[in-house]
Amino acid sequence: MDIKQAFRLAVKSLLGSKMRSFLTMLGIIIGVGSVIVLVSLVNGMSQDMVSTFESMGTNLISVTVMGRGGNRTVTPDEMQTLVDENPDTIGAMSPSISISGATVKYSSDNVTASCVGVNEFYGEVNNAAVAEGRAIAYMDVEQRARNCVIGTYLVNELFAGADPLGETIRINGESFQVVGVLEETQGGEEGSEDATVLIPYTVAQRLSQTFMVSSYSFSAKNKDTVDAAMDIIDSFLLQKFSSSDAYRVFNQADALTQVNELTGTMTLVLVGVAGISLLVGGIGIMNIMLVSVTERTREIGVRKSLGATPWDILSQFVVEAITTSSVGGIIGILFGIAAAYLAAALMQMSVAISLPAILIAFSVSAIIGVTFGFFPARKASKLNPIEALRYD
Amino acid sequence: MIELTDIYKIYTDGDSEIHALDGISLRVERGEFVAIVGASGSGKSTCMNIVGCLDVPTSGRYCLNGTDVSTMGEYELAHIRNKELGFVFQQYNLIPKLTVQENVELPLVYRGIKPAKRQELAMAALERVGLGDRSNKLPSQLSGGQQQRVSIARALAGQPPVILADEPTGALDSHTGREVLTFLKKLNREGTTIVLITHDNSIAAELPRVVRIQDGKILSDTPNPAATGLGEVAG
C-alpha cells in the first residue's frame with residue numbers, strides 16, 4: 001500500500017469521527033499550543049530586555065558601592081581622578097543618584113518620573129544626546145544650580161508638546177528650571193528611558209539627603225577596553241575597601257549574558273512543563289488507537305484475508321497516528337500563535353514567534369504519533385486473521 | 001490446482017489434543033465447483049482456513065497451483081492470498097467506511113497496482129456483478145444481496161484462479177441466496193475454480209461435486225449427477 005493512499009485513508013478516518021478525533025488531538029493541541037505561547041512570550045520579553053540594554057550601550061560599566069560600615073566611601077572626585085589617570089581605557093564617569101518615583105509637577109499637572117542626579121559627562125557615558133537646549137553642565141554641578149534636563153515623555157505630558165525650555169517645574173516640591181530636552185529613545189513611553197529627569201548630582205544629594213554616592217556609571221574608551229577599564233576600577237575599589245564584597249562592578253554585556261541565561265532557563269522549564277502535556281497527549285493517542293484497533297479487528301481480518309501483510313497493517317495504523325498527531329500539532333501551532341498574540345495584547349507584553357519553536361513543536365508531534373502509534377499498530381499487525389474475521 | 005495431502009490440524013488444549021482435521025486428502029482440479037459440506041464443528045471451517053492460506057496445517061502437504069504453501073511464512077501467505085485466492089464471506093465483510101469501488105480495489109491496493117489501473121479493474125469487476133452504477137455508494141446503502149455481489153466483485157477484482165466462498169448465502173433470504181448461487185455458477189462456467197463451504201444440503205445438491213466432512217475426516221466425495229442442469233439460469 002502506497003503512503004499517499006494510506007494518508008488519504010487516515011484523513012478520511014479522522015473526518016469520519018470528528019468529535020473523537022478532536023478529543024484525541026486535544027492533548028497534542030494543548031501541548032504544542034503552550035510551547036508556542038510560552039516560547040513566544042519569553043522570546044519577546046528577552047528581545048525587549050536585550051534592546052533596552054543595547055540602547056544603553058555596551059561600553060557602559062556600572063559601579064555600585066555598598067560600603068563596608070564606617071565612613072569609608074568613595075567620592076565623585078576620586079572617581080574622576082581615576083578617569084583622568086586612565087585616559088586610554090576609561091572614557092568618562094558620571095555619578096548616578098536615583099530618586100525613584102519622583103513627582104514632577106508643572107502648573108496643575110503631575111507625572112511620576114525617574115529622577116537621576118548626574119554630572120556633565122552623563123550624555124557621554126550613557127549615549128544620551130540632548131535634542132533641545134543644553135545638558136547638565138559643570139557649572140550646574142559646582143553651583144548646585146536648580147536646573148534640569150527632561151525626557152520627551154515629560155514634555156508631552158506636562159507641556160503638551162509646547163516648548164518647555166526656560167519653564168519652571170517642581171520635582172518633589174523643589175523648583176527647577178528646564179534647560180534641555182533629551183533625545184527620544186523609546187517612543188516617549190511612560191516608565192521608559194524617556195520618562196527621566198536629570199538634575200545635577202550635587203542637588204540630588206541634597207534632595208535625597210544622602211551624601212554618599214553609591215552608584216556610578218563609567219563608559220569605556222571603546223568596546224575593546226571594557227574589560228581593562230573594569231579591572232582598573234575594580235582594583236582601585238578593592239584597594240579602597242579591601243574587600244570585594246563592598247562594591248560591584250558590572251558591564252551591560254555581562255548583564256545581557258545574565259538575561260539570556262535567565263530566559264534560557266525559563267524557556268527550558270516552561271518547555272519541560274509543555275513537554276509533559278505532550279507526553280500526556282501522546283498517551284491519549286495511544287489509548288484511542290488501541291480502542292480503534294479493537295473496534296476494527298474485523299476490518300483488519302478482512303484486509304489480511306485480501307492479502308495485506310503485517311507491514312501493510314502496521315503502516316496503516318502508524319500513518320493514522322501520525323496524521324492525528326500532526327494535524328493536532330498544526331492546530332496547536334495556529335492556536336498557540338493566536339493565543340500568544342492575545343496574551344501579549346492583554347498583558348502588554350511583546351511576542352516574538354519563533355520559527356525553530358514551531359518546527360520543533362511540529363516534529364515532536366509527528367514523532368509522538370510514531371512512538372505512541374507504534375504499539376497499537378503492532379498489535380493490529382499481529383492479529384490472527386482467522387480470529388480477527390470471527391470477531392464481533 | 002488444490003492438492004491437500006494427508007492434512008492434520010491439531011490443537012492442544014491442556015493435555016488433550018483436538019484433531020480439527022484428521023488426515024484429509026483432497027484434489028480439486030482447475031474449473032471445478034466443489035461444495036464442502038459439514039455440520040458445525042465438523043472441521044469444514046478449519047479446512048477452509050487452510051485452503052484459504054489463513055492457517056497452516058500441523059502436518060501434511062498443501063499445494064496450491066503447483067506451489068507448496070504448507071510451510072510458508074506470514075508474508076508469503078499474505079502474498080498467495082492476494083494473488084491466488086478470492087474470498088466471499090457469509091457476512092460480506094465489506095469495510096463500512098469505504099465506498100463500494102474502494103472496497104473492490106482493496107486486493108489490488110495490496111498488490112501494489114497503480115490507482116488508474118486499479119479503478120479500471122475494480123469497475124470491470126463491478127460491471128461483471130451488475131453493480132457498475134453503485135460504485136460510489138457506501139456498503140450500508142446497498143441491500144444484502146447487492147453487498148454480497150460487491151464482495152464477489154472484490155474477490156474477482158484481482159482475477160485469482162480460485163474463489164473460496166464461506167456460506168455465501170447464509171445471511172441472505174432464499175430468493176437472494178439463489179441469485180448469488182446462480183451468479184457463482186456462471187462464474188464457474190466462465191472458468192473460475194470455486195470451493196464453496198456450506199451446511200445447507202439444498203445448496204450442495206445443486207453443485208456437481210460434494211465433499212462431506214465429519215469429525216475432521218472426509219466422509220464422502222461424490223460427483224453429483226443431479227446437478228447437470230448447470231446452464232439453465234443466467235445471472
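Me: What do the buried residues of H2(B) pack against?
Reply: They pack against helix H10 (297-305) of chain A, together with strand S4 (59-64), S6, H3 and S7 of chain B. Helices (H or I, at least four residues) and strands (E, at least two) are DSSP runs, numbered from the N terminus. The model is predicted, so to speak of local features requires pLDDT of at least 70 and side-chain atom pairs count only at pLDDT 80 or more, while totals for chains, interfaces and linings use all residues. Residues are numbered from 1 along each chain as its sequence is written, chains are lettered from A and ligands numbered from 1 in the order in which they are written, and side-chain values use heavy atoms, with hydrogens and water left out.

Me: Which residues of H2(B) are buried?
Reply: Leu77(B), Ala78(B), Ile80(B), Arg81(B), Asn82(B) and Glu84(B) are the buried ones. Buried stands for under 20% relative accessible area, exposed for over 50%, partly exposed in between (1.4 Å probe, protein chains only).

Me: How many bridges join S9(B) to S10(B)?
Reply: Six bridges join strand S9 (residues 209-214) of chain B to S10(B), and the two run antiparallel. Pairing requires that DSSP find at least two bridges. Val211(B) lies opposite Asp221(B) in S10(B).

Me: How do H3(B) and H5(B) cross, and at what angle?
Reply: The axes of helix H3 (residues 100-111) and helix H5 (residues 144-157), both of chain B, come within 7 Å and cross at roughly 30 degrees. H3(B) and H5(B) are therefore roughly parallel to each other (angles under 35 degrees; over 145 is roughly antiparallel, 65 to 115 roughly perpendicular, the rest oblique). Axes are lines fitted to C-alpha atoms, for helices over the stretch in contact, with angles from 0 to 180 degrees between N-to-C directions.

Me: Chain A next. How is the hairpin of S3(A) and S4(A) built?
Reply: Strand S3 (residues 97-106) and strand S4 (residues 109-118) of chain A pair in the antiparallel sense over eight bridges. Tyr106(A) has Asp109(A) of S4(A) as its bridge partner. Two residues lie between the strands, and Ser107(A) takes a positive phi near 40 degrees.

Me: In what sense does S4(A) pair with S9(A)?
Reply: S4(A) and strand S9 (residues 196-200) of chain A pair in the parallel sense, over five bridges. Gly117(A) stands opposite Ile199(A) in S9(A).

Me: How far apart are the axes of H9(A) and H12(A)?
Reply: The axes of helix H9 (residues 252-295) and helix H12 (residues 355-381) of chain A are 9 Å apart, at an angle of about 30 degrees. H9(A) and H12(A) are therefore roughly parallel to each other. Contact, meaning heavy atoms within 4.5 Å, involves residues including Leu278(A), Met286(A) and Val293(A) of H9(A) and Val364(A), Phe372(A) and Lys379(A) of H12(A).
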